[in-house]
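Please keep the sequence and the 3D view open while you read.

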Amino acid sequence: MEFQHIPVMLEPCMEGLNIRPDGIYVDGTAGGAGHSSEIARRLTTGRLISLDQDPDAVETASQRLSQFPCAQVVRANFRDMRQVLDTLGIDRVDGVLLDLGVSSHQLDTAERGFSYQKDAPLDMRMSQEGVSARDLVNGAPAAELARIFREYGEEKFAWQIARNIVRRREQVPIERTMELAEIIKSSMPAAARREKNPCKRSFQALRIAVNSELDALSQGIDAAFDSLSPGGRLCVITFHSLEDRMVKQKFADLCRGCICPPDFPVCVCGHTPAGRLPSRKPILPDEEELAANRRSQSAKLRVIEKIKDRQPE
């Protein structure tokens, strides 16, 4: 199995994690093991736990990390990180990396059904288990489909697309990616169809819904931060505005001090920040990386350092 994946913002991630040779680290999205391999190279007596829900990625990462005695690969969604660490007898870690979105391998392997540029069965399941894009497209009510396209894809023509999907599936089930792509394009006015990638938003929305990506991200950030030792760091690479907005807001909440109502003259809550931001602005790929790896174009890296455990609110 050929699993090609160029790790995005490799050096900024390593700097963000502030790796100690004796530390314990989690790569929550192992993929092709690009980031994991670099973390493992920097460890001596430390330990690396690499997670991925995709069985293809687990197989590839296991092979590529086999040269590193410090590395262990586990098939799991990063939202379940805390359970995995408990099973391994690990209480705290020194750093966690989450590289979100779909991998190059998943996009480039046509039969996985992620791409609107290659004809394949509608699938989009990162774990290769559970409800598929085909199930959603052929089973969800029009209102639910429209919500998915609007909320997860920020698609202006969500209702038109949803209605046309329902009309088509009443005649025959929608089975393949190119069938769906044609329905999406035919639901748009001519000017919108002339966009470079008119199907991108809708396919993104379906992928997010199929894999419950935003729920997983919210739970994963909580699990990762709670698993950090004081001084440990969480690095998250996002690829679209919905992900980045959630990461930015959750990091801001973790760095928030007083939570008293604004009209209180003095603080009575005693709430202090649980984390701090080494950089308030996201880190972006440099020109060299943008030229070498086109899939880094929309990437943003945000880093938070844990100061102390969160206080209950």
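Predicted model: local features only at pLDDT ≥ 70, side-chain atom pairs only at ≥ 80, totals over all residues.

A nonpolar core is a set of buried Ala, Val, Leu, Ile, Met, Phe, Trp, Tyr and Cys residues that are joined through side-chain atoms within 4.5 Å.

**Nonpolar cores**

- The largest nonpolar core has 34 residues, and those with the most contacts inside it are Phe149, Ile165, Leu180 and Phe203.
- Two or more residues of this core come from each of the helices H6 (133-139), H7 (142-153), H8 (158-171), H9 (177-186) and H11 (200-211).
- If its neighbours within four places in sequence are left aside, Leu180 is in contact with Leu122, Val137, Ile165, Ile174, Phe203 and Leu206.
- In soluble globular proteins, nonpolar side chains tend to be buried together.

**Contacts of aromatic rings**

- The structure holds one aromatic pair, in which the ring centres of Tyr116 and Phe203 are 5.5 Å apart and the planes stand at 70°, so the pair is edge-to-face.
- This pair links distant parts of the chain, since Tyr116 belongs to the loop between helix H5 (104-108) and H6, while Phe203 belongs to helix H11, 87 residues apart.
- Phe203 has a relative accessible area of 2% and is therefore buried, and Tyr116, at 19% relative accessibility, also counts as buried, because buried means under 20%.
- A charged residue also meets a ring in this model: Lys306 lies over the face of Phe225, at 5.3 Å from the ring centre.

**Helix H13**

- Helix H13, made of residues 241-254, has 14 residues and reaches 20 Å from its first C-alpha to its last, which is close to the 20 Å expected at 1.5 Å a residue.
- The buried residues of H13 are Leu242, Glu243, Asp244, Val247, Lys250, Phe251 and Leu254.
- What covers these buried residues of H13 includes H7, H11, helix H12 (213-227) and the strands S5 (228-238), S6 (275-276) and S7 (300-306).
- Ala252 is also found in helix H13, but at 38% relative accessibility Ala252 counts as partly exposed.
- Between Ala252 and Ser212 there are 23 Å in space, C-alpha to C-alpha, and the two are 40 residues apart in sequence.

Note on methods: Residues numbered from 1 in each chain as written. Heavy atoms only, no water. Buried < 20%, exposed > 50% of the residue type's maximum accessible area, 1.4 Å probe, protein only. Helix = DSSP H or I, 4+ residues; strand = E, 2+ residues; numbered from the N terminus. Contact = heavy atoms within 4.5 Å. Phe/Tyr/Trp six-rings, centres within 6.5 Å; stacked < 30°, edge-to-face > 60°. Lys NZ or Arg CZ within 6 Å of the ring centre and 35° of its normal. Expected span 1.5 Å × (residues − 1).
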